[in-house]
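The following exercises concern the architecture of one protein model and the surroundings of its ligand.

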Amino acid sequence: NVTDAQDVRLSLDGGINYFNGRPYSERFKKILAKRKELAVYDRMAAFFEMYDRTQVCLYVGETGSGKTTQIPQFVCYSDQPHLKGMIVACTQPRRIAATSVAKRVAEEMDVTLGKEVGYSIRFEDMTTPDCTFLKYMTDGMLLREAMADPTLSRYSTIILDEVHERTLATDILMALLKQLIKKRADLRLIIMSATLDARKFQTYFSLEEGALVPLLKVPGRTHPVEVFYTEEAQEHYVEAAIRAVLTIHRFEIPGDILVFLTGEEEIEDACKKIQQEIEFLISHKEMASSIGPLICLPLYSSLPPQQQQRIFDAPPAPRTHGGPPGRKVIVATNIAETSLTIDGIVYVVDPGFSKQKVYNPRIRVESLIVTPISQASARQRAGRAGRTRPGKCFRLYPEQVFTKELESQTPPEILRSNLGSTVLELAKLGIKDLVTFDYIDSPAPETLMRALELLYHLGALDTKFTLTPLGTVMAQFPLDPQYAKLLIESPKFGCSREVLTIVALLSAPNVWMRPIHKQREADQAKWLLSIPGGDHLTLLNAYNQYRLNIRDPQWAWKNYLSKRNLAQADNIRAQLQRIMERNDIPILSNFPDPKTEAQLHENIRKALLTGFFMQVAHWDIEKRAYLTVKDGQAVQLHPSSDLEGKPDWVMFNEFVLTTTPYIRTVSAVEPGWLLTEAPRFYDVSSWPEGTMRDALQRASKRVNRKPKRSAAT
Ligand code: ADP
Ligand code: MG
């Protein structure tokens, strides 16, 4: 019994909204005309033909062909989740894609965002119970839901989108759903992607040996894109990208430009410089008449929603009637590669880099590094130029680099991530044997070992690697296990309120602002807020001052703090607080008196160590560097750290790999605390001989001489 595409089209053209019985608005009709131009819309009948006959299927189509916006709507016509109180879910690897597409689809369906159509991302749930029947969500959120409800009983169809991205959460979800479809005959699964080695997925999901899951491939309507290379490698790729934009704007025919850079700071910087250069050109009388207006917009994941939406605006109009036409430039991260499609792009500037996660299990370090992209990514990027008409892609590297140096595919994230959270999630899901688990690509055994080791030392797993009661509570928090652990332990130190604030701040985007032309002022402002002992206490102080001055709308701005990110930290804090309360973790602050501030600061750092005892480094006089414990990796304090006087022992939150390895968000600790707060890990008798062991042994003697004092007061 296949859904009739003709009926769906008639209903869409009929004037009455099928899902709520209300008449369609004018806007709906306008958008519908646009939707009808999409390749996916054309193939509606073929889609129903496949979807209605199978439990699992694959849908592959060019970026921008309409997969993410259209397919979930088609599914709703066939699956009718609204009539049976179920939900159709569509996962996205990126938060910004989940929110932006949900908003678009709510408009396309002529319903209110957060009602019939909603989204769910970490720390933000925009859905209504008993009303939302189409939900866009990050893959990580669906994975978390599976932990609470292993059969995902609320969902009737699950669409895993952007599978080619091969994020860690998507990979794990694929394995879980592969098991689940055997148990739930009523659950349907669609695997969607842009480019993909479809065969691999067709065999992976097939329940019979040798059989293949059905596949529908929809060719996109793309135009040819001419690719240009530079003669030589560019040392300063941001500068080169800015120059390329200016050249295009001056000498190429109208059409918008998409530039790929690697991160927020770089992007904001480039946008400012492009805008300045253009203003400079226009200020010259002889140029003004020949150069059109240009608007330059950033696009990265932590951008606030209103600003994100601006990328869909039309380019600026000519300054004078009949003058040179305006142009829109979007400077984006990888988000614009396949997750979000911006119409009107004719030129792509591709320096060939992106920020990628890498994990080195030997030194237990996960870091984001600016890395050359793969050939597959470079092709995707070029493809963005041919959406509306023939386009041009300027690769800022020589052709040799593309053919000889770039890898053909980006390796899946599971092969380059720390698996701490994942292994905890799998343990919570009752997956016992992590090594033989049916991954689509298995992680390195050493990486799994590191994750097990971490969780064992944190107390989440026991010696048989089964989940402990502590581990069960830790799994409730949508956080890395270290953070969950210290939230749980913090009441023992009488400072869970403060620790909660710190964790929330560390989970939010960076609150410190440092505009390029105001760096000195920003550093000065930060210095005034800094607290001896380390960056964690300074963060806490900044937040407390922000709360104290909440009535002064200028306060955050005057102190070079991001009000938006502080507000987000506030929101995260409230949510984490609810999880703590639900698990009976008391929220206390036992040191209200300024006289006991030193004790408070000490206790906070001790509490932080209960989670981060493995992220500790010791100053080595000879090497003039900090060496990380156990692995002996030489690192320096990140320039953003306000920690003074090079304390012997420090704890850090983040490892930043650039030309020099840095540690960021650092606090001073006492070696004695390591022995009292993490005795299992700091059992020095089992450590290899060396200065680290000597130093710890000296500390150990001191601790044993001191009379015992209880941590909490
Ligand atoms: P795919 O998933 O196949 O890459 P999408 O469904 O994301 O394609 O996009 C289909 C079309 O919808 C594109 O032309 C895109 O520009 C448009 N679109 C998506 N989101 C928005 C939005 N927020 N505003 C305007 N147009 C949008
Ligand atoms: Mg898509």
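**Exercise 1. Identify the residue that stands opposite Leu297 in strand 12, then describe the sheet around this pair.**

Step 1. Leu297 is placed opposite Ile330 of strand 12. Helices (H or I, at least four residues) and strands (E, at least two) are DSSP runs, numbered from the N terminus.

Step 2. Strand 11 and strand 12 (residues 327-332) run parallel and are joined by six bridges. Two strands pair if DSSP finds at least two bridges between them.

Step 3. The order 9-16-13-10-12-11 describes an open sheet of six strands with parallel pairing. Strand 9 (225-229) and strand 11 (294-299) are its edge strands, each pairing on one side only. On average, neighbouring strands of this sheet are turned by 20° against each other, direction ignored.

Step 4. Helix 16 (residues 375-383) lies across strand 9, strand 10 (256-260), strand 13 (345-350) and strand 16 (391-395), and runs at about 150° to strand 13. Axes are lines fitted to C-alpha atoms, for helices over the stretch in contact, and angles run from 0 to 180 degrees between N-to-C directions. Two residues are in contact if their C-beta atoms, placed from the backbone, lie within 7 Å.

Conventions. This is a predicted model, in which local features need pLDDT of at least 70 and side-chain atom pairs count only at pLDDT 80 or more, whereas totals for chains, interfaces and linings use all residues. Residues are numbered from 1 along each chain as its sequence is written, while chains are lettered from A and ligands numbered from 1 in the order in which they are written.

**Exercise 2. Characterise the packing of helix 8 against helix 9.**

Step 1. Helix 8 (residues 139-148) packs on helix 9 at an angle of about 40°, with the axes 8 Å apart.

Step 2. The two helices, helix 8 and helix 9, are therefore oblique to each other. Angles under 35 degrees count as roughly parallel, over 145 as roughly antiparallel, 65 to 115 as roughly perpendicular and the rest as oblique.

Step 3. Helix 8 and helix 9 cross in the left-handed sense. A crossing is left-handed if the near helix is turned anticlockwise from the far one by less than a right angle, and right-handed if clockwise.

Step 4. From helix 8, Asp139, Gly140, Leu142, Leu143 and Ala146 meet Ala169, Thr170, Ile172, Leu173 and Leu176 of helix 9. This contact of helix 8 with helix 9 comprises seven nonpolar, two polar and one charged residues. Ala, Val, Leu, Ile, Met, Phe, Trp, Tyr, Cys and Pro count as nonpolar, Asp, Glu, Lys and Arg as charged, and the others, Gly among them, as polar.

**Exercise 3. Which residues come nearest to ligand 1, and which helices supply its shell?**

Step 1. Among the 16 residues around ligand 1, the nearest are Lys67, Thr68, Thr69, Arg104 and Phe312. A residue is near a molecule or strand if its C-beta atom, placed from the backbone, lies within 6 Å of it.

Step 2. Helix 5 (67-79) and helix 7 (95-109) each contribute at least two residues to the shell. Helix 5 provides the largest share, four residues.

Step 3. The shell around ligand 1 contains three nonpolar, 10 polar and three charged residues.

Step 4. Helix 5 and helix 7 pack at an angle of about 50°, their axes 10 Å apart, and the crossing is right-handed. The contact involves Thr68, Thr69, Pro72 and Gln73 of helix 5 and Val101, Arg104, Val105, Glu108 and Met109 of helix 7.
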